[in-house]
Structure formats: C-alpha cells, structure tokens
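Here is a short report to read alongside the sequence and the coordinates.

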Amino acid sequence: MRDSKNVLITGTSTGIGLDCARVFLKNGFRVYGSVRKAEHANRLQKLLGEHFTPLIFDVTDHEAIDNCAKYMGEELKNDGLACLINNAGIAVSGPLLHLPMDQMRTQFEVNVFGLLKVTPAFAPLLGAKENHPVRPGKIINISSIAGKVAMPFIGPYVSSKHAVEGISGAMRREFMMFGIDVIIVGPGAIKTPIWNKTTEKEMAPYIDTPFAKALLRFQNIFVKDAIKNGFESDFLAEGIFRVFKKRKPKVRYSFVPQPFKNSFVPRNFPPRFLDNFIGKALGLLKKDNR
C-alpha cells in the first residue's frame with residue numbers, strides 16, 4: 001500500500017509548528033498548516049513556498065475547522081494524510097486561587113477542546129473510514145513535560161497537558177481499529193514565543209495577592225531558565241520528524257534539556273520532597289508561627 005505525502009500541522013505561525021513545516025517540506029512532503037490570520041497565511045506562503053498550503057482557522061472556531069476539513073477532502077481525494085500534528089497551543093499562567101475562570105476555559109478551549117475538534121474532523125483523511133486508499137496515517141499530539149510534572153503558577157497549562165496525555169492514550173486504543181497510531185511528544189523547555197507571555201506583565205494582576213513574591217521568584221528561576229536553556233524549536237521539529245518516520249514508534253517521546261534534572265528527578269523523586277524543594281525555592285512554605 002502506498003504512503004501519503006501530505007501532512008497537516010496546527011499552529012504553524014511560529015515556533016514548533018513553523019519549524020515542523022520546514023522539516024517536512026525539506027523531506028518532500030506537502031504541508032497544510034493552520035494559522036489564525038490571513039496576514040500570517042500570506043507571510044508563510046511566501047516564506048515556505050508552493051508546497052505549503054495555509055489553512056485559516058483558529059482551533060476554537062469549529063465551523064472554520066469543518067470548512068477546512070471539507071476543502072482538504074476535496075483537494076486530496078485519494079491521497080489522504082500521512083500525519084496530523086496537533087501542535088496549536090497556548091500557556092495561561094497565574095495562581096489557581098485567584099485565576100479568573102474564563103482564563104482556564106480559554107486554556108482548555110485551545111489546548112484540549114481544539115485537539116478534540118480537529119482530530120475527528122480530519123480523521124477520515126488519516127484512514128478512519130472504509131476503503132482508505134493509502135496507508136493509514138499517524139497522529140502526533142504535542143504535550144509537554146508539564147503533562148507529567150505539575151509546577152506551580154502554570155496550573156492551567158499543566159492541567160491542559162495532563163488532559164492531552166489522557167486523551168492521547170484513549171485515542172490510541174480506539175483508533176487501532178483503523179490502523180491509525182497516536183503518539184505523544186512531550187518536550188521540556190523549548191525556546192518558543194509561548195513562554196514570552198509568561199512574564200511579570202502577565203503576573204501583574206496578582207501583585208496584591210499573597211503570591212506576589214513567589215510569582216516573581218518563579219519568573220526569575222524557572223521561566224527565565226526555560227528561555228535560556230531550552231532547546232531551539234528546530235531541534236524539536238527534527239525529532240518529531242524522526243518519530244513520524246518510525247514504523248513501530250513508542251507511545252511517548254520526551255525531548256528534555258538536562259533530562260536528569262528536568263525529567264528524571266521530578267518524575268521519580270518522592271512528591272513531598274519536590275514540594276519542599278520547590279516551596280523553599282519560591283518561598284511558598286508556610287511559616288511556623290508557634
């Protein structure tokens with residue numbers, strides 16, 4: 001059975017999505033990439049060339065997703081999709097005790113419900129139908145080390161990525177009947193614009209809460225370290241392509257800088273030990289008033 005040479009990547013305007021588009025194009029694939037604005041579509045069309053097709057939809061706009069899925073079905077006919085990379089995402093931060101509920105809803109609308117809408121819309125092109133003309137495709141869901149490790153003050157992002165991990169496991173087992181594999185890629189810190197928003201400015205609404213000093217320490221210790229020492233997004237994109245090319249991939253891949261410190265320790269040390277370590281670093285431990 002022949003392989004498709006078409007891929008769909010959500011969130012290709014910048015960062016991981018843009019570099020994934022570059023890598024797949026370099027390796028002879030036609031790339032369909034979602035962007036939210038027409039100006040981004042025009043910019044990427046000029047930047048990436050004729051084998052890149054921008055699709056204008058926000059992952060929270062279900063009607064636009066359905067329209068693009070219909071267009072691609074007519075466009076690809078018997079060629080199908082080799083891969084869907086669910087990459088679009090945002091990071092909402094703030095202490096959960098004071099976080100406005102609409103911000104948590106926005107986090108889940110993009111990172112979770114967007115994935116749950118995009119995947120079924122394009123699943124027939126991956127092989128979720130009878131008599132699919134090409135080899136069934138793969139789904140690669142971009143999670144995060146935050147899908148396994150819960151850090152304070154990025155609770156919305158952490159919870160959305162934990163949801164992506166669980167959804168991906170359920171999808172993988174359900175989609176076996178179509179031959180569609182579902183793989184998680186959970187990177188650590190990546191130098192992408194998503195973290196530029198996790199700044200003192202975003203934390204400003206919480207300056208009058210008891211968390212003010214801890215938030216500043218979090219910004220100075222963890223976020224700035226992630227920006228400074230994280231992988232470049234093109235490094236991750238190359239890794240994602242290698243995962244895609246594997247005939248028998250693992251169910252999950254991690255790309256984490258300084259993996260012992262940033263992955264092994266937080267995932268394997270006792271949770272209370274980590275609570276104390278993070279609490280001391282950020283000044284979150286309750287003082288003994290006796």
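What follows describes a predicted model, starting with the strands and ending with the cores.

**Strands and crossovers**

Let us begin with strand β1, residues 6–9, which pairs with strand β2 in the parallel sense. Strand β1 is also joined to strand β4, residues 83–86, and these two run parallel as well.

| Strand pair | Sense | Bridges |
|---|---|---|
| β1 and β2 | parallel | four bridges |
| β1 and β4 | parallel | three bridges |

Val 7 faces Val 31 in β2, and Ile 9 has Gly 33 as its bridge partner in β2. Ile 9 also stands opposite Ile 85 in β4. Further along, Ser 34 has Leu 55 of β3 as its bridge partner.

How do the side chains of β1 point? Asn 6 and Leu 8 go one way, while Val 7 and Ile 9 go the other.

β1, helix α1 (residues 15–26) and β2 make up a right-handed β-α-β unit. Another right-handed β-α-β unit consists of β2, helix α2 (residues 38–48) and β3.

**The nonpolar cores**

The largest nonpolar core has 45 residues, and those that touch the most other members are Leu 8, Phe 57, Met 72, Leu 81 and Phe 122. Helices α3, α4, α5, α7 and α10 each supply at least two residues of this core. Helix α4 gives the most, with nine residues.

Which residues does Met 72 touch, beyond those up to four places away in sequence? They are Leu 8, Tyr 32, Leu 55, Lys 77, Leu 81, Phe 122 and Leu 125. A second, separate core contains 32 residues, among them Ile 16, Ile 183, Phe 241 and Phe 255.

Leu 126 lies in helix α4. Is Leu 126 buried or exposed? Its relative accessible area is 0%, so Leu 126 counts as buried, the cut-off being under 20%. Beyond its neighbours within four places in sequence, Leu 126 has contacts that include Leu 81, Cys 83, Leu 84, Pro 136, Ile 139 and Ile 180. Ala 82 is another contact of Leu 126; the two are 44 residues apart in sequence, yet their C-alpha atoms are 6.5 Å apart in space.

Finally, consider helix α8, residues 233–245. At 1.5 Å a residue, its 13 residues should span 18 Å, and the end C-alpha atoms are 19 Å apart, which agrees. The buried residues of α8 are Ser 233, Leu 236, Ala 237, Gly 239, Ile 240, Phe 241, Val 243 and Phe 244. In general, an α-helix has 3.6 residues a turn, so residues three or four places apart point the same way.

Notes
Residues are numbered from 1 along each chain as its sequence is written. This is a predicted model: local features need pLDDT of at least 70, side-chain atom pairs count only at pLDDT 80 or more; totals for chains, interfaces and linings use all residues. Side-chain values use heavy atoms; hydrogens and water are left out. Two strands pair if DSSP finds at least two bridges between them. A crossover is right-handed if, with the strands pointing away from the viewer, the path from the first strand over the helix to the second runs clockwise. The expected span of a helix is 1.5 Å times one less than its number of residues. Buried means under 20% relative accessible area, exposed over 50%, partly exposed in between (1.4 Å probe, protein chains only). A nonpolar core is a set of buried Ala, Val, Leu, Ile, Met, Phe, Trp, Tyr and Cys residues joined through side-chain atoms within 4.5 Å. Contact means heavy atoms within 4.5 Å.
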